[in-house]
Number of protein chains: 2
Amino acid sequence: MRDVAIIGIGQTPVGEHWQLGLRDLAADAAQAALQDAGIDSVESLIVANAFGATISSQSHLAPLVADFAGLRGVETFAVEAAEASGGAALRAGVMAVASGAVETALVLGVEKASDMIGAARVRARTVSLDADDEAVQGATLPALAALLMRRYMVEYGVELAAFEGFSINAHANGAKNPNAMYRNLIKPGAFGKAPMIADPVSLFDGAPDADGAAAVILTTAERAGDLVPQPVRIIGGGASSDTLALAERDDLLWLRAVERSTEQALQRAAVAREQINLVELTDTFTILAALSLEASGFAPRGEGWRLAQDGSIGLAGRLPISTFGGLKSRGNPVGATGVYQAVEAVLQLRGAGGANQVPNAQIAMIQSVGGLGSTAFTHILST
Amino acid sequence: MRDVAIIGIGQTPVGEHWQLGLRDLAADAAQAALQDAGIDSVESLIVANAFGATISSQSHLAPLVADFAGLRGVETFAVEAAEASGGAALRAGVMAVASGAVETALVLGVEKASDMIGAARVRARTVSLDADDEAVQGATLPALAALLMRRYMVEYGVELAAFEGFSINAHANGAKNPNAMYRNLIKPGAFGKAPMIADPVSLFDGAPDADGAAAVILTTAERAGDLVPQPVRIIGGGASSDTLALAERDDLLWLRAVERSTEQALQRAAVAREQINLVELTDTFTILAALSLEASGFAPRGEGWRLAQDGSIGLAGRLPISTFGGLKSRGNPVGATGVYQAVEAVLQLRGAGGANQVPNAQIAMIQSVGGLGSTAFTHILST
């Protein structure tokens, strides 16, 4: 297996881009990444997207993006795994380059949530739940997250306020990120008073769906050093799955796919948890952040929230997370989110994080989780 | 790059499976493939699907299929490239194994068209066209195919009857395939009298959308020989793209993506066209079959239809195509179709084609084309 590195990154601001379509956002991110890498073409384009077909009435996105990104004729296909689409596309891109099938691959995530609003968007988005067992009953992703959160609170005897640290941290970091969607701060105490979406998941808890596109360019680690001054190596990757429907899980409060993908990635990278300088995880909801920290082995079972409460997850903490705002503050351009994580990790490892820089960042972990743990893709990146 | 081989195949009958869902069809094909390979698990599952989100209100199919196929926990994601989804998933599966990331991969295509009928299905299916330039104008895939066919007839001075050989051949082969959707014969002359869908595309011209699932299991060529008596090697692969919207093409009658993907696959396989014993191509419409033969270099420009007229494409001909009925007679379970092609090619190369066997089949080409040539994936398989 050939070693793979990232030699270019690009991203659009995350938000509501009413005036731009999927193709426009994608082209902007792709062009930025090509310019960053100092190249003008690639051999393969892998597109991550979750809701183009249902929200924008557009599938077969891969050739459309290729065309508008100036890459007409390139080998291309789209990858989907709901919120983990970006992580899955990164995994597919790594395999494309590692195999020797191609020398360069552009992994591009794009999502456009603002083509629909209100109930129509909820319906279009709920296709990622189990249609027969969940969606048909009226379940939505926030409603299911609320069930998980309530169970966690009851089982571990934890109050709602225990989760506020995740949102406070995300917004503290996002406020300094010019590409973030919501750059306001959340003050201590405000979390508990926010309007409920699905009790106990509130407006200050769930991440906002958004428009955006992000891209990374991969090539072999061997070539990377000749092309750019600061390539970032992908030194380990892991992936796993769990049931789509929550009701099918033996243990609601343990994300097995997250656990397995993390174990694989760490093992392949030959890295210990203590060596990791920052984690971009999938904080679609604060409960998902807590459970991800636990299943990834960064906190004991039932105690993931403590890392948010004691300051460990801050930029200067022991284990910084959501360093550019995470899904909560940077925003959640669903299928693109995993690629945003990669872009942000590369900025950190280049020392180009600006106001969001984690001191001495050498090794980063990015973790893309689909739904409430149904798919998980974890990658370890290193200077 | 490690060499890759197919060690197991599975398929469901193609048709209208009103009583079965995506998960049921997928589980059937997966279990058949595992049984055929004599193994009970794989490391990776790659799911090909085109219209689950819009027709069945189900995306995030990968973990759902994994669960119902008895593979809970496996690494998994879905791949989409409209009608070429199956070919794209095969390409992703080959890269996964070739890279060394996994030792075994199950590539599974599944589609369920019968969850919608009539205008609702047309709307749900039309998301694969260019939403801004084509679908919004009321264009549908058959209508665009009709424009291509008319242009071909005018430019090359060809009559409608010139295309009938493709449908006659497909149904002659499909009639002998127990898994085919339409097993009736089309008699010479009947093609020209069939009811029009979009003049000149008639009911006997366009392939029927259908339900079905097919699966192939990949491993390294090195391991394959120890596991099964007749592994089939994937000796070359190629992929390319073209504009999504037909209106953006410089030359409407030349499928550049098909041309490039074929050239790449042949070159990598070190195989000449004369060595190929059969071709499974994407005959969504007869015009697409003619144009594919031309762009693939099997017929001069404007003369692809002659191979259908002179008997070359029959089972005993010089270049058999659609040997189990093709999309036209076996049916077109859209996202699964490229995987059906792989299953059928393996049957031929094993000499297990039964009444559909091509004599002395040693090398097969399978070609998965998305839309009207917007994406193309070509693989060369060998005994």
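The model is a predicted one, in which local features need pLDDT of at least 70 and side-chain atom pairs count only at pLDDT 80 or more, while totals for chains, interfaces and linings use all residues. Residues are numbered from 1 along each chain as its sequence is written, and chains are lettered from A and ligands numbered from 1 in the order in which they are written.

In general, two copies of a chain are related by a rotation about an axis and a shift along it. The same surface serves both copies, as 100% of the contact residues of chain A recur in chain B.

The meeting of the chains can be described by contacts (two residues are in contact if their C-beta atoms, placed from the backbone, lie within 7 Å). By this rule, 52 residues of chain A are in contact with 53 residues of chain B. Helices and strands are taken from DSSP runs (H or I of at least four residues for helices, E of at least two for strands) and numbered from the N terminus. On the chain A side, two or more residues come from each of helix 2 (52-55), helix 3 (61-68), strand 3 (75-80), helix 4 (85-99), strand 8 (232-241) and helix 9 (256-269) of chain A. The residues of this side divide into 24 nonpolar, 19 polar and 9 charged. In this sorting, Ala, Val, Leu, Ile, Met, Phe, Trp, Tyr, Cys and Pro count as nonpolar, Asp, Glu, Lys and Arg as charged, and the others, Gly among them, as polar.

Strands also pair across the two chains (pairing needs at least two DSSP bridges between the strands). Strand 3 of chain A and strand 3 (residues 75-80) of chain B run antiparallel and are joined by 3 bridges. In this pairing, A78(A) stands opposite E80(B).

Chain A itself has a domain 1 (4-117 + 210-232) and a domain 2 (142-206 + 235-382), with bounds from an automatic or database domain assignment. The C-alpha centres of these domains of chain A lie 23 Å apart. Between them, 36 residues of domain 1 of chain A are in contact with 33 residues of domain 2 of chain A. Helix 4 of chain A gives the most to the domain 1 side, with 8 residues. By class, that side has 23 nonpolar, 9 polar and 4 charged residues.

Helix 4 of chain A deserves a look of its own. Its 15 residues reach 21 Å from first C-alpha to last, close to the 21 Å expected, where the expected span is 1.5 Å times one less than the number of residues. Of its 15 residues, 15 are buried (20 or more other C-beta atoms within 10 Å of a residue's own make it buried, 12 or fewer exposed, and anything in between partly exposed, with C-beta atoms placed from the backbone). G100(A), which follows helix 4 of chain A, has a positive phi near 90°.

Strand 8 of chain A is mostly covered too, with 8 of its 10 residues buried. It is joined to strand 1 of chain A by 3 bridges in the antiparallel sense, and to strand 11 (residues 375-382) of chain A by 8 bridges, also antiparallel.

Finally, some backbone details stand out. Most residues other than glycine have a negative phi, and most peptide bonds are trans. A cis peptide bond joins D199(A) and P200(A), with omega about 10°, and P200(A) is in the loop between strand 5 and strand 6 of chain A.
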